[in-house]
Amino acid sequence: MATNQHNNKAASRGSKFLKDIGIYAIGNIGSKLITFLMVPMYTHYVAKSDFGYYDLCLTVCLLLVPFVTLQLRDGAFRFLLDCDDTVQRQRIVSFVARVMLVTMTISMLVAVVMALFTDIRYLWYAVGMLIAMSLQEVYSQVFRGLGNNRAFVMVGILSALGIGVFSILFVVKMGWGIKGIYLANILARVLALILVESRVRLITRHTRLHIDFREVGREIVHYTLPLLPGSLCWWLTGSSDRLFISHFLGLDDNGIYAVAIRFTGIINTLAIIFYQAWQETAILQYHSPDRNRFFSKMFNSYIFLLAFIFVGYVFMLKVNYDWLVASEYNESVNYIFPLGFSAVIFAIAAFFDMGYQCAKDTKRTLPAIVLAAIVNVALNFLLIKPLGVYGVIVTQLVTYLVLVIYRWHDMKRYFVLKIEKRTLVPVAVMSLCAVPFYYNPFKWLDIIVMLVALALIAWAAGKELRDLLLSKFTKSRASTK
């Protein structure tokens, strides 16, 4: 009887997790696919140096978003997920709205001062994009925390569609260059939020002007403040590479690198789909008695999934790269494999991050991230001059490996993972694929290598995992008929 109950619970958790993956896949793949399709267009209509400058501004915006939002994207979701009381939800959402209003006002005032004393190209466009990104980051997570995953997905899809439509209008038709990219991002993100909120009215329904949110506000700030220095270190670890490339190598090299990083970003997107579904499942199942067994099973399955995505994606990208980008960006194909591999390692590090969130112990995230940031900055200074762009890529790989090793040991205070021997197969296959990727000149042979590698990964995954994924696929197809 106990065994049957255990199996039923495990099946229920697995079913919910797969359902969540389906929901987040619709939102993320649809939105990121449109963004992905924009890259070839940008390479044909925007010069390398201009695209490099835009990417640099985007990098700075990514640094500033956590400070403009005070990491409320994480705090709002985490506290709303645990909350069943309507009044408490109103306190949380009202606190978020008040803080966002204050921080956006401060951002505008800082921009005014900067405009008076500096001459920064496209300053107000960059500030507009920063605010639009901040609003989307926070309120899409509020939708998710309030249990409306459909609204969360729609914001992503509509903003991506808007970016696509406005980019064609502003960049292709009107020839506005990077100014058009800025405008497309600003208008698309803001309009997406307005359209979704006008339909679901979640934020207006849960916002109260005079409600007392001081107590829950203190709790949220206590949770999110330790994430701020962590976000700075994350930026140093994952995004400061653009600053190093721009400073030491120039905007042209940064433009080429920016194209490669956007293509490999699709791996991050697919990993985010898993992460978002896993985030909710992990938090809800953290106190279950078989936590270690469940988390271990998820982790081993995750490695197989990442390997399958990585191998299939990098080889298909290599085969089709010639017609995807303008000729002046062709050399960026050489960066695809190591950048994709670093995305896989980062995705593994993000899996371990869940322990801190489950236990609401976010202050313990800092030591690992600080260490990773120090390693990243030090190696960038040492390697970028002798190795060029490859120095930045090697730095990224080493940084994420350090992060994985640290968190692997630190996570034992929250859960203990058991690595199955068969999980070594996808790791070995991913590593060995570097040889044909770089030294094979024939596209037909790339396809053969890819198919053989995917077959090996599928074989090692075992019947249970294959059947689980196949049942989800066939169920999804049947539901669409």
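How do the residues of the lining of the second largest pocket divide into nonpolar, polar and charged? I get 18 nonpolar, 2 polar and 1 charged. For these classes I take Ala, Val, Leu, Ile, Met, Phe, Trp, Tyr, Cys and Pro as nonpolar, Asp, Glu, Lys and Arg as charged, and the others, Gly among them, as polar.

Ground rules. This is a predicted model, in which local features need pLDDT of at least 70 and side-chain atom pairs count only at pLDDT 80 or more, while totals for chains, interfaces and linings use all residues. Residues are numbered from 1 along each chain as its sequence is written, and side-chain values use heavy atoms, with hydrogens and water left out.

Pocket. I noted a volume of about 430 Å³ for the second largest pocket. A pocket here is an open set of points on a 1 Å grid over the protein atoms alone, where a 1.4 Å probe fits, with protein on both sides within 12 Å along at least five of seven lines; lining residues have an atom within 4 Å of a point. Grid points are joined across faces, edges and corners, and the volume is the space filled by probe spheres set on the points. The lining has 21 residues, and Val60, Leu64, Met114, Val127 and Leu130 lie nearest the centre. Two or more lining residues come from each of α2 (48-69), α4 (86-117) and α5 (123-145). I find that α2 gives the most, with 8 residues. Helices are DSSP runs (H or I, at least four residues), numbered from the N terminus.

Covered helix. In α3 (residues 72-81), 9 of the 10 residues are buried. Buried means under 20% relative accessible area, exposed over 50%, and partly exposed in between (1.4 Å probe, protein chains only). Among the buried residues of α3 I listed Asp74, Phe77, Arg78 and Phe79.

Surface patch. I found a nonpolar patch made of Leu387, Tyr390, Val394, Val398, Val435, Tyr438 and Tyr439, with about 650 Å² of accessible area together. The elements that give two or more residues to the patch are α17 (389-410) and α19 (434-439). Such a patch takes residues with over 30% relative accessible area and no salt bridge, and joins nonpolar side chains (Val, Leu, Ile, Met, Phe, Trp, Tyr) within 5 Å. The areas come from the Shrake-Rupley method with a 1.4 Å probe, and for residues only the protein chains shown count as cover. Tyr390 is in helix α17 and is partly exposed because its relative accessibility is 34%.

Salt bridges. How many salt bridges are there? I count 8, each a side-chain nitrogen of Lys or Arg within 4 Å of a carboxyl oxygen of Asp or Glu. Asp322 pairs with Lys443, the closest N and O atoms being 3.5 Å apart. This pair links distant parts of the chain, with Asp322 in α13 (residues 291-324) and Lys443 in α20 (residues 443-461), 121 residues apart. Asp322 is exposed at 51%, whereas Lys443 is partly exposed at 39%.

Arg413 and Asp410 form a salt bridge at 3.1 Å between the closest N and O atoms. Why does Asp410 count as buried? Asp410 is buried because its relative accessibility is 8%, while Arg413 is partly exposed at 48%.

Technical notes:
Patch = residues over 30% accessible without salt bridge, like charges linked within 9 Å, V, L, I, M, F, W, Y side chains within 5 Å.
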